[in-house]
Amino acid sequence: MTLNDAIEALKERFPDLGVQPRPLIRYPDGRDSGQFWVRVPAERLLDVCRFLHDDPRTKFEMLCDLTCVDYLNFPDAEDRFGVVYSLLSLTHNHRLWLKVFVNDPQPTVPSVTGVWKGANWMEREVYDLFGITFTGHPDPRRILCPDWFDCHPLRKDYPLTGRGERESLPVVTRESA
Amino acid sequence: MGLTIAEPATAGAAGFSVTRLDYALDMIKKHGVNWCRKHSLWPLPFATACCGIEFMATAASRYDIARFGSERPSFSPRQADLMIVAGRVVVKMLPVLQRVYMQMTEPKWVISMGACASTGGVFDTYAVVQGIDQFMPVDVYLPGCPPRPETVLEGLMAIQRIVLEHGVRSSAERGGGLQLAIQPPQMASLGPGFGYPN
């Protein structure tokens, strides 16, 4: 089973999605890196993930990474956020990337914790840093920033030095300690 | 009784010390318990970054912080006199740092070790506190990124001078710390290739 078989299986199962694999990297001499990503609409994500996980031709048992890209002010970008799923098949030793594009306000993606349990903390991280809501997540809390944080720091419209959070902390003096 | 102590020689008429024991008795008479305390500061390494590694080097055999009586790093704030904040402190860590500081018993001292703890260093981001002295008392600042073990020892000696000078008064009464005695070398004096051309 090669990656082509997996993509053919995906096309066969979801003909309405118009699956079109695109290379992650294209080198100046025209070659590509042999790694492909597929665009998936948010409302079909769970079906696609469940299929990719279960089907014997695809068998993506492992979610290597789940992250997000903010395309604000990115040239030629149509959507604000791209949530990226990096899949690995331990059985067939092939990889596939999924991208789900969502937009302001209320960017929302269904949680894939029901397919891959390891998505739990990664989705919390993406929620924490980008403010993407994962519907159906079992524990939708922040994971890195303190609970009182009310911003999502990796968004491109968030200033690098913050909005005064690092200056507005309680002070301990010699008298009070 | 295997231990015999020679009869302490009384100080000569000129007032100088003639034996080690005599010296100790002189110092205790002069500074009281503070002279003992200064040689038995128990550090609490609050190490969050590479400065912590440099502190470990200071504690290890080559630089040997035991020579100054501080060979007992305490990982319980209740059994420590000297907090060494070694590394960057982020906004999520600052309440922890303050809680640990408040759990230390008086008298207590704080060393802000290195550029990050003192100023935030190169980490000018939303998450990193730009100098812990904005939010808690600091007695001695150590320059360096990270400071050399010699600097750490000099900082410890600065704390010892504070102990000797201010004694057992609580840190609320003591006010600020002493200046660190050493200066970092001028970059140009390190040789060609260092420092910026004027």
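Okay, housekeeping. In this predicted model, local features need pLDDT of at least 70 and side-chain atom pairs count only at pLDDT 80 or more, while totals for chains, interfaces and linings use all residues. Residues are numbered from 1 along each chain as its sequence is written, and chains are lettered from A, ligands numbered from 1, in the order in which they are written.

So, where do the chains meet?

Now look at helix α2 of chain A, residues 45–54. Its buried residues are V48(A), C49(A) and L52(A) (buried: 20 or more other C-beta atoms within 10 Å of the residue's own, with C-beta atoms placed from the backbone). Helices are DSSP runs of H or I, at least four residues, strands are runs of E, at least two, and both are numbered from the N terminus. The buried residues of α2(A) pack against α1 (3–13) and β4 (81–89) of chain A.

Over to the cores. A nonpolar core is a set of buried Ala, Val, Leu, Ile, Met, Phe, Trp, Tyr and Cys residues joined through C-beta atoms within 7 Å. The largest one has 41 residues, and I132(B) is one of those with the most contacts inside it. Its largest share, six residues, comes from α6(B). Apart from this core lies another, of 28 residues, including L87(A) and V126(A).

Back to I132(B): what is it in contact with, leaving aside neighbours within four places in sequence? That would be V85(B), V89(B), L97(B), S112(B), A117(B) and V138(B).

Terms used: Buried ≥ 20, exposed ≤ 12 C-beta atoms within 10 Å, placed from the backbone. Contact = placed C-beta atoms within 7 Å.
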